[in-house]
Amino acid sequence: MSARSRKGRSATSDGPQNQKTNKKRGKLHANSRGGHEVRLGKSSDSFGDGIIDGKSSKKKKGSKSAKLADASDSRSQSAPYPNGLPTDRPLDVNDYFDQLHLWLDLEAEAERARLARLRQIRSQRDVESTGQAIVGLDLVDYHTGLAGRYLLDLAKPSGEALPMNRLKVGSPVVLSNDADPSDEGIPGVVSFRKNYQIQIATEVFPDPDAQNAKTGKASKHKRASIGEIRYRLDMSPDETTRKRQLAAMAKARGERGRGGRLRDVLLGIESPRFDGKKIDVSPLPESTIAEERADIDFRTELNPPQKDAVAFALLADDFAIIHGPPGTGKTTTLAEVISQAVERGERVLACAASNTAVDNLLERLERLVPYVVRVGHPARVFEHLRDLTLDGQVEKDPSSAVIKDLRRELEQLLRYAQRDTRGGRARGEMFAEVGRIRSQIRSLERTIVRGVLDRADVICTTTTIDEELLGDERFDLIVIDEACQSTEGGMWQAILRADRLIIAGDHCQLPPTVLSDEAAEIGMRDSLMQRLVHRFGEPAYRRLTVQYRMHESIMRFSSDHFYEGSLVADASVRSHLLCDLKNVATTSLTDTPLLWIDTAGAGYEEQLEPDGQSKLNPGEANVIVELVRQLEEAGIDSHEIAIIAPYAAQVRLLRSRLDMDGLEIDTVDGFQGREKEVVLLTMVRSNPEGIIGFLADQRRSNVAMTRAKRKLIMVGDSATLCSHDFYADVLKYFEDANAYQSVFEFQTLVPE
């Protein structure tokens, strides 16, 4: 039976009413170069936490949130480019930066509104189920770090595990008194986290007397000792990053000379140049790339497309793009580009949108570059790379002994102040002395830091650059990995620091995370890389085509649908299966690469969590649990299994059902850039209307489907999913591969 004939109860989903619903839920974007549609879901759907879903999202007449929304709608309609940034013509400099400014304003409003709603939720279960807050925390310890930061260790009472949350390392947060809704709290950043403890770095110690010493104001709150206070940790709008981005955009708007030329090239006003020639006049000849490639002494074992990409990037006078589909070794190629640039005497700033992406690049650079430094808190860095951090390098400096003594003195003073029950003036004076010691530490560290950075051949950092740390420092080359995960506004801090730019990523995978629906509707989710690929086409980029992750059958659908059939599976992975692994039995699950288990007709309909925050599907969860059991019985180690769900509620449900060491269960967003031997996808959506929400954004499914190395298993309701042409195509692909199975064949899982 064909996929299209199995639409079942959603057979009417293409009618006028459903089309109207779909139009309302998101706009259509053409998928790059493939001509396929990508329907972007509302951002309220995209996190699966539902804070602005359900009752809490309804606009009340005359309410402040409704007025804010109306103002946002009005501004988005008057945007310079109301349909997003065009790719068929040059962009006006002022209109472009006005558009970016509007995006940031709309996003900031959405973040503030979301935080306000979150802070109004007082039920521990409800607030923690959003994934954006943890309540009832004890301050169990505190230390000082680089630049005199306070590092506060927080945990649940009695050592219980922290709830599932989105407070990742680097997330801006607010720490407040859980019992006092009026407490505005103190800002901080998550610097470390594990299952039972989370640490934040802050400039202010959570003690009224400490804050008074900083502000000079009297405390409004009765003082309590650390052990008497329960804390609440909420995600916070990142105003510092927003201000830095606005400052960078203002500077870029007025740039002249070489910096102004790079800006104009990126806006399509000027044509990019390779080897001194503009590509609109004469695209770079393959013979020139071949000559450049022949002159390079490659330091990494690369395949021909990777070597061509390195040569192509080094010939760029303005910018070059390396397009890396899943498993094609994009980061390895990028590291080779950086090492070749350093070999030529250039100094490089290497960036990425996330800490994980920066560290992945750093891992490869460590053995290729003489002196590389990772900027950022060490707790955000892979443990085996921490010696390469700025903190690690500062610790090695002979002068750091003095700083260590000062830190010990500071911590002793803090602990003495906490034990002092007298309060008032005496404690205030102690915290004032703490402030003076912190200033001393910062002054000494500043000198050491400057020396470390000046010696570095490559500095690695996220695109959220610490302007105070790097100052006005410029580089010969800027390299940005995973560029499609960053908004355009988030790129300009890095772009301004050099006249040449190399960006790498895959615009067919997850777009930048954007909270504001209004900003998304006028183009904020479209990355700079995606726009440049559309604007300049193949003369401006090189695609890597040999992939080293997936069995050919897992790869083929993605290759045909997103990459014009250009991907080739390397011989080392082309036909590998689970049953080829040591001590794994040959079963119906392990001797084939694909399986779709169709739940249509089984009554496994999606549900809302009891508090209405996110979607889950217990019926699909049952199927997933049974599949994991069968995989384990066949000899698959739990460390080699991943379960991906689009909704946080389904992740929470499965984590509660499958408490297995090493088994990873996460959302699509949480698994980008990762891989496992076997991946199980639970699609969750199952409803009579055929509504699939943000699953209509094909890029999310491209990410999920390309994480598997030897086995990909999808569990979903074809009647709901196949109302969308993309999933009808996916199911037909599985059917043609004899990889389709109805859930009714799993008799033990069908309700009696």
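Visitor: Glad to be here! How many helices and strands does the protein have?

Guide: Welcome! Let me start with the setting: buried residues make up 60% of the 752 residues in this predicted protein. As for secondary structure, the count is 26 helices and 27 strands.

Visitor: Among contacts between residues at least 6 apart in sequence, what percentage join residues at least 24 apart?
Guide: A contact here means heavy atoms within 4.5 Å. Taking the contacts between residues at least 6 apart in sequence, the share that joins residues at least 24 apart is 72%.

Visitor: Which strands form the closed barrel, and in what order?
Guide: The barrel has 6 strands with antiparallel pairing. From one strand to the next, the twist averages 45°.

Visitor: In S8, which residue is the bridge partner of Val174?
Guide: Strand S5 covers residues 172-177 and strand S8 covers residues 231-235; they run antiparallel and 5 bridges join them. Helix H4 (residues 93-120) packs on the sheet, touching S3, S5 and S8, and its direction makes about 155° with that of S8. Within S8, the bridge partner of Val174 is Asp234.

Visitor: Are H11 and H12 parallel, perpendicular or oblique to each other?
Guide: Helix H11 (residues 330-343) packs against helix H12 (residues 355-365) with the axes 9 Å apart and an angle of about 55°. Roughly parallel needs an angle under 35 degrees, and roughly perpendicular needs 65 to 115. The two helices, H11 and H12, are therefore oblique.

Visitor: Which residues in H12 does H11 meet?
Guide: H11 passes H12 in a right-handed crossing. From H11 come Thr331, Thr332, Leu334, Ala335 and Ile338, and the residues they meet in H12 are Asn360, Leu361, Arg364 and Leu365. By class, this contact of H11 with H12 has 5 nonpolar, 3 polar and 1 charged residues.

Visitor: Is strand S25 mostly covered or exposed, and how many of its residues are buried?
Guide: A residue is buried when its relative accessible area is under 20%. Strand S25 spans residues 676-682 and is mostly covered, with a buried count of 7 of 7.

Visitor: Which residue in S26 is the bridge partner of Val678?
Guide: Let's look at both neighbours of S25. Strand S23 (residues 641-645) runs parallel to S25 and is joined to it by 4 bridges, with Ile641 opposite Val678. S25 also runs parallel to strand S26 (residues 708-716), through 6 bridges. In S26, the partner of Val678 is Lys711.

Technical notes. Residues are numbered from 1 along each chain as its sequence is written. This is a predicted model: local features need pLDDT of at least 70, side-chain atom pairs count only at pLDDT 80 or more; totals for chains, interfaces and linings use all residues. Side-chain values use heavy atoms; hydrogens and water are left out. Axes are lines fitted to C-alpha atoms, for helices over the stretch in contact, and angles run from 0 to 180 degrees between N-to-C directions. Angles under 35 degrees count as roughly parallel, over 145 as roughly antiparallel, 65 to 115 as roughly perpendicular and the rest as oblique. A crossing is left-handed if the near helix is turned anticlockwise from the far one by less than a right angle, and right-handed if clockwise. Ala, Val, Leu, Ile, Met, Phe, Trp, Tyr, Cys and Pro count as nonpolar, Asp, Glu, Lys and Arg as charged, and the others, Gly among them, as polar. Buried means under 20% relative accessible area, exposed over 50%, partly exposed in between (1.4 Å probe, protein chains only). Two strands pair if DSSP finds at least two bridges between them.
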